[in-house]
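Thank you all for making time this morning.

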Amino acid sequence: MNGGPAFPRHALQIKLPSGAVVPQDPGMTLRDYFAAKAMQGICASRDEAGVLIEHGYEWIASEAYKIADA
């Protein structure tokens with residue numbers, strides 16, 4: 001469950017000169033986009049140095065994805 005691409009494009013395939021068709025990278029998912037926004041808010045609304053010392057980067061990322069999933 002990732003919500004699909006955050007910035008969808010019409011063509012998600014490219015055709016190579018050899019004739020092969022390969023999927024194009026759709027970019028970040030909507031879930032990733034919301035987590036990035038949540039992470040920005042977490043860091044902006046708290047003493048960032050204190051949060052990092054107390055919890056670390058992994059905690060901030062985990063919390064951001066919990067918010068995105070909600």
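Let me begin with a criterion: a polar contact is a pair of N or O atoms within 3.5 Å, where, within protein, one atom must be able to donate a hydrogen and the other to accept it, and where residues adjacent in sequence count only if both atoms are side-chain atoms. Please keep in mind that this is a predicted model, in which local features need pLDDT of at least 70 and side-chain atom pairs count only at pLDDT 80 or more, while totals for chains, interfaces and linings use all residues. Residues are numbered from 1 along each chain as its sequence is written, and side-chain values use heavy atoms, with hydrogens and water left out.

Helices (H or I, at least four residues) and strands (E, at least two) are DSSP runs numbered from the N terminus, and Thr-29 sits in the loop between strand S2 (21-23) and helix H1 (30-45). A polar atom of the Thr-29 side chain lies 3.0 Å from the backbone nitrogen of Asp-32. Is Thr-29 buried or exposed? With buried meaning under 20% relative accessible area, exposed over 50% and partly exposed in between (1.4 Å probe, protein chains only), Thr-29 counts as buried because its relative accessibility is 16%. Apart from neighbours within four places in sequence, Thr-29 is in contact, meaning heavy atoms within 4.5 Å, with Asn-2, Gly-4, Pro-5 and Ala-6.

Moving into the helix itself, H1 has 16 residues and reaches 23 Å from its first C-alpha to its last, close to the 22 Å expected at 1.5 Å a residue, where the expected span is 1.5 Å times one less than the number of residues. Ala-35, Ala-38 and Ile-42 are buried in H1. These three cover an arc of only 65° around the axis, which puts them on the same side of H1; the arc is that of the directions from the helix axis to the C-beta atoms. The face turned away from that buried side carries the exposed residues Gln-40 and Ala-44.

Against which helix do the buried residues of H1 pack? They pack against H3, whose own buried residues are Ile-60, Ala-64 and Ala-68. Seen down the axis of H3, those residues fall within an arc of 75°, so they line one face of the helix. On the face of H3 turned away from its buried side we find the exposed residues Glu-58 and Lys-66. The C-alpha atoms of Ala-36 and Ala-68 are separated by 8.5 Å, although the two residues are 32 apart along the chain.

Finally, the charged pairs, for which a salt bridge is a side-chain nitrogen of Lys or Arg within 4 Å of a carboxyl oxygen of Asp or Glu; by this rule the count comes to 2. Asp-69 forms one with Arg-31, the closest N and O atoms being 2.6 Å apart, and this pair links distant parts of the chain, with Asp-69 in helix H3 (residues 57-69) and Arg-31 in helix H1, 38 residues apart. Asp-69 counts as partly exposed at 40% relative accessibility, and Arg-31 is likewise partly exposed, at 28%. Glu-63 and Lys-66 also meet in a salt bridge (3.1 Å, N to O), both lying in helix H3, 3 residues apart, or about one turn of the helix.
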